[in-house]
Amino acid sequence: MAAVRKALVVGGGLAGQTLATALTRGGIRTDLIELHPRWNVLGVGISVQGPTLRALKSIGLLDPCLKDGFGYSELTNCDQNGKVLSVVDLPRMLGSDYPACVGIMRPMLHDVLFAAMQETKVPVRMGLTAKSLHQSDDGVDIVFSNGSTDRYDVVVGADGAHSKLREALFGTAHRPRYTGQAVWRAMVPRPANVKGRHSYYGPRHKSGFNPVSQTEMYIYLVENVTGDPRVEPEEWPARMRGLLEDFGGHIGEVRATITDPARIVYRPVESMIMPKPWHKGRIVLIGDAVHTAPPQLASGAAIAIEDAIVLAEMLGGDGAIPDILDRFVTRRFERCRLVVENSYQLGEWEKNPGAAGADPSALQAASYAALARPA
């Protein structure tokens, strides 16, 4: 008999939804709670890398992503005017019949995962969180914010970079830290000859684009920011267009179309890799709650979804739950550390391009090769 019969997932993001679906399909009764009273998925496009595609395929969710997104297999690095400096071949982890990556709208990816939860009949309770937790040798007793109670064999915190469950378990010593950069993303028309992800290295900032459909792509820009990174939404279009004036090529062609704040996401960049352990007893953290990655490798979603698939697989086995969770953290830690630390290093080189030993293309290639190995 499996060690876990009943699980609680705290948080309804990409990792939480994936985990709830995978556990339920594995025969484990799983509840999911989400603090927000309704789904309000922010974001424009997202790059779904090979490790994520492999993880989604393992639970039967790859085809909907391919249908709704735009597949590609190269990362092209350019100067500020679009002149090609290098091309990184991204590993096709699923073979030649599948792309290495898929650009997709984040709300669409959320919809794919939510549809899977509905299909597997995962009980989802919105506007609810865990008010208190008390664990014993044989379970975790939960008091929810509405006063109701329940008992679970295991509790998983997938409640994001500013996790309240992390704070309850480990205090405030481990929090994501601002990196001195901010990331902009804006939806724009896709020129017909844009077939993959491009990065442009400018004199002040890094930019680029990623196709997400036959008609659209998103432009991203990583801004080096000193001082207060806050910007009011009404200022976003003009501010982003101004930052993009350094760039020509396809970015210069579509820059003027950035006019609607609702089609822009702006976010200061944070970074954290929480040291082991990521669990206490029968309660464990996954995803951004323990590894908040800067966007340079576009792999934060990948390692979060991988966490969910690996944890579901391990919880379906035998053994004492604390031992299973300890093995899970050991299996995942170095891979997640690589993504966080290499992404952070790429950001440091973007802020200081003349730094000794700076070689972004080599670090990107090495990182993607490492992520091609099994999770």
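# Exercises on a predicted model

The model contains an open sheet of three strands, ordered S3-S7-S4 with antiparallel pairing; strands (E, at least two residues) and helices (H or I, at least four) are DSSP runs numbered from the N terminus, and two strands pair if DSSP finds at least two bridges between them. This is a predicted model, in which local features need pLDDT of at least 70 and side-chain atom pairs count only at pLDDT 80 or more, while totals for chains, interfaces and linings use all residues. Residues are numbered from 1 along each chain as its sequence is written, and side-chain values use heavy atoms, with hydrogens and water left out.

## Exercise 1: Ile 258

Task. Is Ile 258 buried or exposed, and which residues does Ile 258 touch?

Solution. 
Step 1. Ile 258 lies in the loop between helix H7 (249–254) and strand S17 (264–273).
Step 2. With a relative accessible area of 2%, Ile 258 is buried. The classes are buried under 20% relative accessible area, exposed over 50% and partly exposed in between (1.4 Å probe, protein chains only).
Step 3. Residues up to four places away in sequence are not counted; the residues touched include Ala 186, Val 188, Ile 219 and Leu 244.
Step 4. A separation of 8.0 Å lies between the C-alpha atoms of Ile 258 and Ala 238, which are 20 residues apart along the chain.

## Exercise 2: backbone geometry

Task. Where is Lys 121, and which residues does a cis peptide bond join?

Solution. 
Step 1. Most residues other than glycine have a negative phi, and most peptide bonds are trans.
Step 2. Lys 121, in the loop between helix H4 (106–119) and strand S8 (124–126), has a positive phi near 60 degrees. Lys 121 is exposed, with a relative accessible area of 67%.
Step 3. The cis peptide bond joins Lys 276 and Pro 277, with omega about 0 degrees. Pro 277 is in the loop between S17 and strand S18 (279–280).

## Exercise 3: helix H9 and its aromatic pair

Task. On which residue is the kink in H9 centred, and what kind of aromatic pair do Trp 278 and Phe 333 form?

Solution. 
Step 1. The kink in H9, of about 35 degrees, is centred on Phe 333. The bend at a residue is the angle between axes fitted to the seven residues ending there and the seven starting there.
Step 2. A search of the whole structure finds seven aromatic pairs. Rings of Phe, Tyr and Trp (its six-membered ring) pair if their centres lie within 6.5 Å; planes under 30 degrees apart count as stacked, over 60 as edge-to-face and the rest as tilted.
Step 3. The rings of Tyr 218 and Tyr 220 have centres 6.4 Å apart and planes at 55 degrees, so this pair is tilted.
Step 4. Trp 278 and Phe 333 also form a tilted pair, at 5.9 Å centre to centre and 50 degrees between the planes. Because Trp 278 lies in the loop between S17 and S18 and Phe 333 in helix H9, the pair ties together parts that are 55 residues apart in sequence.

Conventions:
Contact means heavy atoms within 4.5 Å.
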